[in-house]
Amino acid sequence: MTDRPRPAPALRTLLRLLRRHGPRGLRVAAWTIRARRRVRRQVAHGGLDAVHPPAPPPGVDADRDVVLAALRRTGANCLERSLVLQRWDAGRRIPRTLVIGVTAPSTGFHAHAWLDGDPDPHRAELTELLRRPPAAGWLPGGDEPGEPPHLGPGQASTGGSDQACTGGSGQARSTSP
């Protein structure tokens with residue numbers, strides 16, 4: 001009996017993704033990785049005003065779970081995660097507002113970002129610092145931020161929470177609002 005060599009972990013992940021979601025899942029995962037890298041670079045070099053992630057691939061409305069999984073696997077922080085998900089949802093005609101909250105410095109500084117409407121266990125202890133609707137160019141068909149979303153059949157605005165992004169150890173990076 002011969003043992004076949006096992007594929008590397010990254011290849012196993014790609015094969016599992018391909019089995020579960022097909023080629024479109026790979027396309028969504030690749031978009032997510034590219035969008036997260038671009039968001040990270042743009043925030044670091046120009047703040048929130050410089051963030052312009054690529055448009056999500058067309059015709060893959062039901063693959064938000066692939067986006068969430070790819071963000072988790074790539075180690076996206078809460079700001080990157082929220083901005084990529086905001087762009088994904090805007091591409092699906094679901095305008096979502098980015099919210100950034102902070103704790104008082106006297107209690108140890110913590111900052112966290114999430115999308116309005118997502119359940120988040122950290123928001124009760126945070127003071128909202130910034131609310132930012134999606135860029136007007138992100139919404140197909142002329143939707144304006146603040147208008148109710150135009151949901152198609154089977155589309156729902158769902159999201160998950162993630163861990164608090166920053167702790168008192170100086171992990172927070174300053175961005176221009």
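Accessible areas here come from the Shrake-Rupley method with a 1.4 Å probe, and for residues only the protein chains shown count as cover. On that basis the chain exposes about 10,000 Å², with carbon and sulfur atoms supplying 55% of it. The model is a predicted one: local features need pLDDT of at least 70, side-chain atom pairs count only at pLDDT 80 or more, and totals for chains, interfaces and linings use all residues. Residues are numbered from 1 along each chain as its sequence is written, and side-chain values use heavy atoms, leaving out hydrogens and water.

The chain holds 3 helices and 3 strands, running α-α-α-β-β-β along the sequence. Helices (H or I, at least four residues) and strands (E, at least two) are DSSP runs, numbered from the N terminus. Of its 177 residues, 40% count as buried, meaning under 20% relative accessible area.

A search of the whole structure turns up 1 aromatic pair, that is, Phe, Tyr or Trp rings (six-membered ring for Trp) with centres within 6.5 Å. Tryptophan 31 and tryptophan 88 sit 5.4 Å centre to centre with 50° between the planes, a tilted pair; planes under 30 degrees apart would count as stacked and over 60 as edge-to-face. Tryptophan 31 belongs to helix H1 and tryptophan 88 to helix H3, 57 residues apart. Tryptophan 31 is buried at 2% relative accessible area, and tryptophan 88 is buried at 1%.

Terms used. Buried < 20%, exposed > 50% of the residue type's maximum accessible area, 1.4 Å probe, protein only.
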